[in-house]
Amino acid sequence: MYLPLPLLNLMRGLAALAALAWMGLIFYWSSFPAGRMPMHFPWEDKLYHAVAFGILAIFYLAAMRPGEQGLERRQALLAGVLAGLYGLTDEYHQSFVPTRVMDFYDMLADLFGGVLFAYGAWIFMRSWYRARLSR
């Protein structure tokens, strides 16, 4: 798929704004005391963590400037790790919220989701740049 450079740059800027907004939303969600959500399967909350921070990693990756060969695998890893680091700060923030605790397994889910989603997005998005570079 061919996307013109101005459109790619606009998408990068929008992705950066989306990442900031998503980070704010995560912070907002984390500011509430823990509720009693019914769980449908074990570790369901870890799935929510992985998805939330995976989405953040996708926004990070989409905001990155591609190299000469397009987006690189290391950029996907960086996006995933950055999402995991934000997860660490989020868990620390939760330690100050009544009835919430800092959970190591939540941090692992944040990092796992971030890296997994960023890598999947990298596979998808690299074709945007390859098509453009091959013209």
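Biologist: How many residues does the chain have, and what share of them count as buried?
Modeller: The chain has 135 residues, and 37% of them count as buried. Buried means under 20% relative accessible area, exposed over 50%, and partly exposed in between, with a 1.4 Å probe and protein chains only.

Biologist: Where does the model come from?
Modeller: This is a predicted model, in which local features need pLDDT of at least 70 and side-chain atom pairs count only at pLDDT 80 or more, while totals for chains, interfaces and linings use all residues. Residues are numbered from 1 along each chain as its sequence is written, and side-chain values use heavy atoms, with hydrogens and water left out.

Biologist: How many helices and strands are there in the chain?
Modeller: Four helices and zero strands; along the sequence the pattern reads α-α-α-α. Helices (H or I, at least four residues) and strands (E, at least two) are DSSP runs, numbered from the N terminus.

Biologist: What box do the C-alpha atoms fill?
Modeller: Roughly 55 × 25 × 25 Å, taken along the principal axes.

Biologist: Take α1. How many residues does α1 have, and what does it reach from end to end?
Modeller: α1 has 26 residues and reaches 37 Å from first C-alpha to last, close to the 38 Å expected at 1.5 Å a residue. The expected span is 1.5 Å times one less than the number of residues.

Biologist: Which residues of α1 are buried?
Modeller: Leu8, Arg12, Ala15, Ala19, Trp22, Met23, Ile26 and Ser30.

Biologist: And Leu17, buried or exposed?
Modeller: Exposed, because its relative accessible area is 56%. Leu17 lies in α1, which covers residues 5–30. Its C-alpha is 20 Å from that of Ser30, 13 residues apart along the chain.

Biologist: Now α2. What does α2 reach?
Modeller: α2 has 20 residues and reaches 29 Å from first C-alpha to last, close to the 28 Å expected. Its buried residues include His49, Phe53, Leu56 and Tyr60.

Biologist: Where is His49, and what does His49 touch?
Modeller: His49 is in α2, residues 44–63. Not counting residues up to four places away in sequence, His49 touches Glu91, Gln94, Asp106, Ala109 and Asp110. Contact means heavy atoms within 4.5 Å.

Biologist: Why does His49 count as buried?
Modeller: Because its relative accessibility is 13%.

Biologist: At what angle do α2 and α3 pack?
Modeller: At about 130 degrees, with the axes 8 Å apart; α3 covers residues 73–94. That makes α2 oblique to α3. Angles under 35 degrees count as roughly parallel, over 145 as roughly antiparallel, 65 to 115 as roughly perpendicular and the rest as oblique. The axes are lines fitted to C-alpha atoms, for helices over the stretch in contact, and angles run from 0 to 180 degrees between N-to-C directions.

Biologist: Which residues make that contact?
Modeller: From α2, His49, Phe53, Leu56, Ala57, Tyr60 and Leu61; from α3, among them, Ala76, Tyr86, Glu91 and Gln94. By class, the contact of α2 with α3 has ten nonpolar, five polar and two charged residues. Ala, Val, Leu, Ile, Met, Phe, Trp, Tyr, Cys and Pro count as nonpolar, Asp, Glu, Lys and Arg as charged, and the others, Gly among them, as polar.

Biologist: On to the loops. What is the phi of Trp43?
Modeller: Positive, about 65 degrees, although Trp43 is not a glycine. Trp43 is in the loop between α1 and α2 and counts as exposed at 54% relative accessibility.

Biologist: And what is the phi of Thr99?
Modeller: Positive as well, about 70 degrees, and Thr99 is not a glycine. Thr99 sits in the loop between α3 and α4 (104–133), and counts as exposed because its relative accessibility is 59%.
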